[in-house]
Amino acid sequence: MKINLLGATGSIGTQCLDICRSHPDITPNSLTAGRNYKALAMYAREFSVRTVCIADESLYSALKTELSDTDTRVLCGREGLCEAASDKNADMTVNAIVGAAGLLPTEAALKSGSKVALANKETLVAGGSYIMGLAKRKGIHIIPIDSEHSAIFQSLQGSRDPHGELRKIILTASGGPFFGKKREELKNIDPEKALAHPNWSMGSKITIDSATMMNKGFELIEACHLFGVSPKQVEVVIHRQSILHSAVEFSDGAVIGQLGVPDMRIPIQYALTFPKRLECPAQPLSLTACGDLTFEEPDTETFGCLKSAMKAADAIDTTAGAIINGANEVLVSAFLNGKADFWDITDGVAAALENVPAVPADTVEHILEGDRAGREFARAFLSK
Ligand code: NAD
Ligand code: MG
């Protein structure tokens with residue numbers, strides 16, 4: 001099987017390449033990266049890929065020089081990403097880009113008729129109604145890579161009628177590094193503290209989203225789109241150990257969940273091999289070694305990003321998701337660069353949702369405009 005792997009140099013991308021190494025019949029056809037052209041060139045050589053694309057156009061000639069003695073085709077920019085995403089030489093496109101930059105490549109892959117394995121949750125947060133509609137028209141089932149959504153997807157596999165039988169989704173959350181604390185206790189948080197996630201090692205943007213709980217809010221919106229449920233059917237439960245990756249409750253009260261060690265290679269590999277399962281390099285789970293499993297309610301007053309996402313989820317067919325996602329990207333990047341306080345993220349997202357008008361998210365233009373307006377609002381919010 002051949003894959004187009006977008007975001008190949010990131011946390012998910014490199015773990016996906018690990019899976020290719022352990023299963024030589026899964027091979028990358030095209031690889032893309034944002035700016036890291038050296039790593040991209042290294043992987044292109046290792047796997048002799050057909051096409052590479054660097055999103056940052058100013059790095060095109062540097063990448064071209066790195067690969068001048070190979071047959072690999074070199075692309076750049078947004079159009080290059082969409083071309084790499086829709087390269088018909090592959091059987092599936094894996095989108096592991098971070099942020100709303102992943103939206104158009106997802107659209108391009110679907111339009112070309114390619115199967116899609118999706119780590120890039122921002123595609124669905126910003127443009128879920130449009131993207132799910134497009135996938136349906138094309139007859140393509142988007143397979144989730146996000147661990148919670150993979151767990152839900154896996155838990156639904158035994159059901160003959162997932163829509164009729166599914167009563168609710170239990171979406172688990174680790175709670176991040178600041179769980180159990182109130183805002184007054186969480187002063188002067190620097191990026192180093194916020195980047196210390198208790199259970200998962202991930203890219204910096206999603207790690208900050210986990211600390212603010214924006215990530216769980218985005219995952220609530222993602223779940224509504226992927227599984228066709230209303231936000232009221234999704235219960236967010238804090239589970240500090242990250243062993244139960246999520247569960248579903250059926251109409252008869254039976255609850256089925258998926259457990260495992262917190263290792264993204266399991267859900268990434270499942271998305272690639274579904275409906276089959278293969279050996280995976282992840283450690284097996286020992287229930288006796290992991291000790292107590294605990295479950296608690298989330299604190300949406302302290303972690304206001306979760307509350308904002310719940311409000312946006314109530315307007316799921318509008319650009320509210322694109323607005324809060326765009327605002328969040330600007331605020332997180334400012335926080336990581338020392339230009340914003342940790343709580344500016346929570347407050348800026350809430351203010352963006354309150355002040356930027358949302359419209360139906362039925363076209364890419366509306367979604368991109370929501371994203372732009374969210375970003376502009378966040379920049380103005382920070383400059384006050
Ligand atoms: P990361 O920052 O480690 O990697 C992101 C990748 O996207 C890199 O290859 C980078 O070069 C590329 N990229 C960055 N900006 C880009 C742009 N503007 N255009 C094109 N490419 C760009 O991120 P990650 O942690 O691997 O996360 C990727 C996606 O997967 C995110 O949407 C995240 O929410 C989701 N996800 C990640 C994890 C995880 O464990 N890391 C778990 C679940 C979901
Ligand atoms: Mg997740």
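I take a salt bridge to be a side-chain nitrogen of Lys or Arg within 4 Å of a carboxyl oxygen of Asp or Glu. With that rule in hand, I looked up R265 and found it paired with D18, the closest N and O atoms being 3.6 Å apart. My count between domain 1 and domain 2 is one salt bridge.

A note to myself on the ground rules: this is a predicted model, where local features need pLDDT of at least 70 and side-chain atom pairs pLDDT 80 or more, while totals for chains, interfaces and linings use all residues. Residues are numbered from 1 along each chain as its sequence is written, chains are lettered from A and ligands numbered from 1 in the order written, and side-chain values use heavy atoms, without hydrogens and water.

Next, the layout. I have domain 1 at 2–120 and domain 2 at 150–383, with bounds from an automatic or database domain assignment. Their C-alpha centres lie 25 Å apart. The contact (heavy atoms within 4.5 Å) takes 19 residues from domain 1 and 22 residues from domain 2.

Then I checked the buried area, meaning the accessible area (1.4 Å probe) that two parts lose on being put together, summed over both. The two domains bury about 1500 Å² between them, 73% of it on carbon and sulfur atoms. On the domain 1 side, Q15, I19 and H23 supply 28% of the area buried against domain 2, more than any other three residues.
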